[in-house]
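Here's a quick briefing for your next look at this model. Have the viewer open and follow along by topic.

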Amino acid sequence: SGSEPIRPQLAAMAAIGDKRALAAAIGSQLRTDVDPLNATNFYTTNLFGIWISQGLSNPSRMYPYLLQGGLGLPDRDYYLSQKPDMMRLREGYRAHVEAMLRLAGFTDAPARAARVFALETEMARVHATRLESEDVHRPVSWTRAELLLNAPGIDWEELLAAAGLDHAPVFMVWHPKAVAGLAALLAK
C-alpha cells in the first residue's frame, strides 16, 4: 500500500499500549527545533518544542526551554479564527489530511481526518497566541517537581528520559498554560 515506506513508524505507533509508552514515544521525538528568541520560530509538529539556551534572566546557566507544539497548521489562529480566509485554509488542510490518509491506505479516511482535525483544534485551544509567544518575559522557571505538579497528565519522567533531558533540574517553560493544557489533553 501507499504506507509501505512508513510502515515501521506506523507499527511503532500501533505498539504504544499505555500512557507511559506514549510519553516515551513523544519524548523520543523531541528535538531542539524551535528558537523563540533568535529566529522567532515557535512552530514544531512535535507535541512540545525544545530550545536549549542561556537563561534570559540568568545567562550564567544553560536551560532547556519547553514550548507548545503539535499542530499541523502554523498556529492556533488557523484553527480558531472565524475569518473567511482562515476557514478556507482549515477546509483545505482537513482535505489534505484526508487525502494523505487515503493515499497511505487507511480505511474511512474522512472520519479519521475529522478526528485528527478535532484533536488539533482542541490542542490549539490551549495554545498561547502569537502575541503572547513573542513576549520574552512570559517564560517561567519550573523545577522538575513543579513540572510534574503544574502539568499533570503525562509521565514527565518517562518523556524526559526518552528526550535525554532526565538530568535537567530546571526548565524554562515558555508556554506554561499550553504545556499544562497539552498534558491534560494527553491524559484523555
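Among contacts between residues at least 6 apart in sequence, 60% join residues at least 24 apart. Keep in mind that this is a predicted model. The protein has nine helices and four strands, and along the sequence they come in the pattern α-α-β-β-α-α-α-α-β-α-α-β-α. Its radius of gyration is 17 Å, close to the 16 Å that the globule rule gives for 188 residues, so the protein is as compact as a globular protein of that length.

**Overall dimensions and burial**

- Taken along the principal axes, the C-alpha atoms fill a box of roughly 50 × 40 × 25 Å.
- Of the 188 residues, 38% are buried.

**The nonpolar cores**

- The largest nonpolar core has 34 residues, and the ones touching the most other members are F48, L147, W156, L159 and V179.
- Quite a list of elements gives two or more residues to this core: α2 (19-29), β1 (48-54), α4 (84-103), α5 (109-126), α8 (156-163), β4 (170-173) and α9 (176-187).
- Helix α5 supplies the largest share of this core, with six residues.
- Which residues does W156 touch, not counting those up to four places away in sequence? They are F48, L66, L147, L148, A151, V179 and A183.
- Apart from this core there's another one of nine residues, and its members include V34, F42, W51 and V170.

**Strand β1 and its partner**

- Strand β1 is mostly covered, with five of its seven residues buried.
- β1 and strand β2 (residues 62-68) run antiparallel, and seven bridges join them.

**Aromatic rings**

- The count of aromatic pairs comes to eight.
- One of them is F42 with W174: the ring centres are 6.5 Å apart and the planes are at 55°, so this pair is tilted rather than stacked or edge-to-face.
- Why does this pair tie together parts that are 132 residues apart in sequence? Because F42 lies in the loop between α2 and β1, while W174 lies in the loop between β4 and α9.
- Are these two residues buried or exposed? F42 has a relative accessible area of 10%, so it is buried, and W174, with a relative accessible area of 0%, is buried too.
- F42 and W174 also belong to one aromatic cluster, together with W51 and Y65.
- There's a charge-over-ring arrangement as well: the charged end of R94 sits over the ring of F117, 4.3 Å from the ring centre.

**Loop residues with positive phi**

- T40 isn't a glycine, yet it has a positive phi of about 40°.
- You'll find T40 in the loop between α2 and β1, and its relative accessibility of 40% makes it partly exposed.
- D108 isn't a glycine either, and its phi is positive at about 55°.
- The loop that holds D108 is the one between α4 and α5.

**Two alanines to check**

- A109 is in helix α5.
- Is A109 buried or exposed? Its relative accessibility is 4%, and the cut-off for buried is under 20%, so A109 counts as buried.
- Leaving aside neighbours within four places in sequence, the contacts of A109 are E98, L101 and R102.
- From A109 to A95 is 14 residues in sequence and 9.8 Å in space, C-alpha to C-alpha.
- A25 is in helix α2.
- With a relative accessible area of 25%, A25 is partly exposed, because that class covers values between the 20% cut-off for buried and the 50% cut-off for exposed.
- A25 and M13 are 12 residues apart in sequence, and their C-alpha atoms are 8.0 Å apart in space.

Technical notes
Residues are numbered from 1 along each chain as its sequence is written. This is a predicted model: local features need pLDDT of at least 70, side-chain atom pairs count only at pLDDT 80 or more; totals for chains, interfaces and linings use all residues. Side-chain values use heavy atoms; hydrogens and water are left out. A nonpolar core is a set of buried Ala, Val, Leu, Ile, Met, Phe, Trp, Tyr and Cys residues joined through side-chain atoms within 4.5 Å. Buried means under 20% relative accessible area, exposed over 50%, partly exposed in between (1.4 Å probe, protein chains only). Contact means heavy atoms within 4.5 Å. Two strands pair if DSSP finds at least two bridges between them. Rings of Phe, Tyr and Trp (its six-membered ring) pair if their centres lie within 6.5 Å; planes under 30 degrees apart count as stacked, over 60 as edge-to-face and the rest as tilted. A charge sits over a ring if NZ of Lys or CZ of Arg is within 6 Å of the ring centre and within 35 degrees of the ring normal. The radius of gyration is taken over C-alpha atoms; the globule rule is 2.2 Å times the number of residues to the power 0.38.
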